[in-house]
Amino acid sequence: MPINAKDVDWVEEPPMNFWEATFLPAVVDGLRATGHHVTHFKPVTQMYPEVASDLPKHYRGVHRLNRDDAGRVKCVACMMCATACPARCIDIVAQEAPKDDPNWVDRDKFPKSFVIDELKCIYCGMCEEACPVDAIEMTHIYDLTGMTRQEMLFDKEKLLSVFDQTKDCGLDPVRTHKGKLGPASDFEQLPTLGPATQVRSDDRSAKSATPGVIK
Amino acid sequence: MPTVIVNNKPVEIGASERLNCIQAAERAGVEIPHYCYHHDLSVVASCRMCLVEMGDKKPDGTIAMQPKLFPGCQTPVKDGTVIVSDSEKVKAAQKATLEYLLLNHPLDCPVCDQAGECGLQDYSYEYGRGYSRLQEPKNIKPDKDYIGDQITLFTDRCIMCTRCVRFTREISGTAELQVVSRGTHEEIDIFPGDPCNNKLAGNVVDLCPVGALCSKDFLYEQRVWWLNSKNSVCPGCSTGCSIRVDQNKDVLYRLKPRENPLAQGSFMCDEGRFGWKYIHSDSRLKLPEQRTNGQTTSRDWDIVLPAVRNALKDAVVRTPKKFAVVISPWATVEEAYLLATYARKIAPAAKLAIGPVRVVGEDDLYPKDVHGKPAAQTKFTIRAEKCPNRLGVEAVIQQVQGSVIPFSDILSQVTRGDVEALFVLGGDPEGWISDTDAAKLDKLKLLVVQDLLASAASSKAHYLLAGAAFAEKDGTFINHNGLAQAIHRGLRGPEEARPDGRILMELAERHGMFHAATLRKEIAKAVPALAALAVGELGEFGVKLDSAGKTEMQTV
């Protein structure tokens, strides 16, 4: 589609004055920056692998499967992560929660098997965004090795052990709903939802402090 | 012609048609959302989702609108009826209804099997407000995991549309389900000790617009958006219910009835619904096999198929009148045609017989009354003839040979020594031959068996061809009523099992690949009784054979 001529703003370069035209102020500015780096030297190169890398907090490394307070796997086997995964590296087999076990009365469904192919994974983080119960999270662990492809298929036990290993290390705090199962399986207290769609301005709820809550 | 005006669009309806607003709007291409209404069940107008504005167009052209909203499912239309389903008033009502239905509905879509094909999800997205204003705790009722052998109830997800209750009362007639308590304590339940185990029980799961009634067989197996569907026909009996085959990665997960007014209507029976498990059975034939003196000599299609061809030719040269072909009523029309014409090509005197037609009991008619007797008006029939395509196979054999030989005749001819070479195209998963009958086959000099499951006959075969189940092949089935419906290949067979049509194409050394629509056109020319197949693609509902074709087939 051609761009409409009236949508285009033409901008002229501002004219230079006499001193700017000599370029001397710009040269002096540049030299000052160089001098600053000489006098205030601070290395930015990280000496990996001799020194462990200093990672940003949102680094997306190996996955983990979180546990709830009872130590059960938090995952409800909804398979949203497997649906969202662009690399199709997540394979989940769901199972009905044991009905006669008092520890599982609040759950309908849990993963019988949960396998992530860490070699296929592109570490995009879609799975943790898709997860409605904050069960799958990505950790700071990036140095991942294995002697066979089979070793790099992380199953449920392995992913839970990653959680046990990383939950208290400070780099990967459990982000939300610690201990709770989240909205999908937590029947006792359902949080009031914010609007998922646009609220019309004449709607009663739009006038309240929190959309969706009527005072 | 009476004219109804739907959202300012005039729609003509038939003079004697009795339609409600939902149906009239459907003609105009307008969807009026509804939960409790189903065209095969009585109308209760309890969900209030289909509220619309109604009015009358007077003869002088003025329109008088009613001040209140009307439930579209309960309101019949007549000439001059005006329906408005997109006004602010209607939209506000839809929003309010949905909010009310969702008040106590748990937000467990991630663990709910219905998610992805859920009426609440779809309508919330389309007509709802998208969030809840409820701040009180939800009214959560305990689940009932035994409604029937195949049905579990998530009581808290129910929206009390009572479709399931009406189904058991009106279609199956068994009336196991009911609503107990009143008001906010309303629940679907069974009478103690009387579970919902009738032969049509699985339909209540399909009818449930939300995830309250779930099938135990499919529970937590797959998310529905991963399933790939193909239209097919249930092979369980000669009713030929239109179905959908839902598979993912070559694993069949469920069969769902597909609405077809020409075939069975909207439902299917549980025998068909859960009767497909043999498709993934361990006793499936996975490879072809050539046996010499009881020892396997080859399991390679490239060796076995030419060997079968040569063995048949040798047998025909040796004893041209002692070659017989048995075509199972589980074969498609195309397969029957390919095999019959091939047999007649290599041996003009070949005997063509139809395989055993399994008949179990009598036709099972629904609804039933309290004593189990069928009611006056039949709404669903499970037929006693447990094969999908007897009429189709018979029509082909009738055309090629002039008469149809029953399987028992072939067996006695084998015993007498009148048949020495036999080609059997099987397909009946319940086992089409008994051990005593199979013992008679020991006398044969050549036995070729093309089947999908190991049977008493397959262990005696000199050549074994691994065929396909109904969900793994394309073709045509003709039901008890002369309705030709297409089946489609939804998944691949195990290992090297091949669609039967492909095996027969290669065996007959025909040019090109198996393509059901092309073959149907050829069959229509060759078999006048099946002339209706000339259309090639049979469409969603199938093609009814004309009366000429039917009478000719009935003389068989």
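Helix H8(B) passes helix H13(B) in a left-handed crossing, a term used when the near helix is turned anticlockwise from the far one by less than a right angle, clockwise being right-handed. The model is predicted, with local features needing pLDDT of at least 70 and side-chain atom pairs counting only at pLDDT 80 or more, while totals for chains, interfaces and linings use all residues. Residues are numbered from 1 along each chain as its sequence is written, and chains are lettered from A and ligands numbered from 1 in the order in which they are written.

The axes of H8 (residues 333-346) and H13 (residues 516-526) of chain B come within 10 Å and cross at roughly 60°. Axes here are lines fitted to C-alpha atoms, for helices over the stretch in contact, with angles running from 0 to 180 degrees between N-to-C directions. Helices (H or I, at least four residues) and strands (E, at least two) are DSSP runs, numbered from the N terminus. On the H8(B) side, the contact (C-beta atoms, placed from the backbone, within 7 Å) is made by Val333(B), Glu334(B) and Tyr337(B), and on the H13(B) side by Ala516(B), Leu519(B) and Ile523(B).

Turning to the sheet, three strands of chain B form an open, antiparallel arrangement in the order S10-S11-S12; strands pair if DSSP finds at least two bridges between them. Strands S10 (228-233) and S12 (251-257) of chain B stand at the edges with a single partner strand each, so one side of each is left without a neighbour in the sheet. S11 (residues 242-248) of chain B pairs with S12(B) over six bridges, and Arg244(B) has Lys256(B) in S12(B) as its bridge partner.

Definitions and conventions. Two residues are in contact if their C-beta atoms, placed from the backbone, lie within 7 Å.
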